[in-house]
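Dear colleague,

Please find the structure below. My notes on it follow.

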Amino acid sequence: MKRFPANAMQSMALSGAKGSNVNVSQIMCLLGQQALEGRRVPVMVSGKTLPCFKPFETDARAGGYIKGRFYSGIRPQEYYYHCMAGREGLIDTAVKTARSGYLQRCLTKQLEGIHIGYDNSVRNGDEIQPIKY
């Protein structure tokens, strides 16, 4: 086994094959502050972020900060925070994919009858008149 800077995980992230430096730091260092909708983990009406904390607790862990790392393990509360943030990321990715796919479909539909003629002019499907832009 090789130590951290020269191990297979680091090589894989640096080459771009899989993962990134963020993934490596989460495994080896710490996960850090978890964000939901661009903000810290929200406090419920009871003054708690999770039922296991005291009301209005000011500790960093109660606010969604994860001191642990995947290499040595994280606590159940930290795991829950990480899952909350990860789920939000998956939903954002799915919504963006659907939107960009629809926009690509609309653009392709509009441009399907257009081609470039031998005289380098852009023409419509009837080839009667060049399209001016």
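The notes below cover a helix contact and an aromatic pair.

This is a predicted model, in which local features need pLDDT of at least 70 and side-chain atom pairs count only at pLDDT 80 or more, while totals for chains, interfaces and linings use all residues. Residues are numbered from 1 along each chain as its sequence is written, and side-chain values use heavy atoms, with hydrogens and water left out.

Helix α1 (residues 8–15) and helix α2 (residues 21–28) pack with their axes 9 Å apart, at an angle of about 160°. Helices here are DSSP runs (H or I, at least four residues), as are strands (E, at least two), numbered from the N terminus; axes are lines fitted to C-alpha atoms, for helices over the stretch in contact, and angles run from 0 to 180 degrees between N-to-C directions. The angle makes α1 roughly antiparallel to α2 (over 145 degrees; under 35 counts as roughly parallel, 65 to 115 as roughly perpendicular and the rest as oblique). Met9, Gln10, Ala13 and Leu14 of α1 meet Asn21, Asn23, Val24 and Ile27 of α2, contact meaning heavy atoms within 4.5 Å.

A search of the whole structure gives one aromatic pair. Phe53 and Tyr81 are stacked, 6.5 Å centre to centre with 5° between the planes (ring centres of Phe, Tyr and Trp, its six-membered ring, within 6.5 Å; planes under 30 degrees apart are stacked, over 60 edge-to-face and the rest tilted). Phe53 lies in the loop between β1 (32–33) and β2 (65–66) and Tyr81 in helix α3 (residues 76–111), so the pair ties together parts 28 residues apart in sequence.

With kind regards
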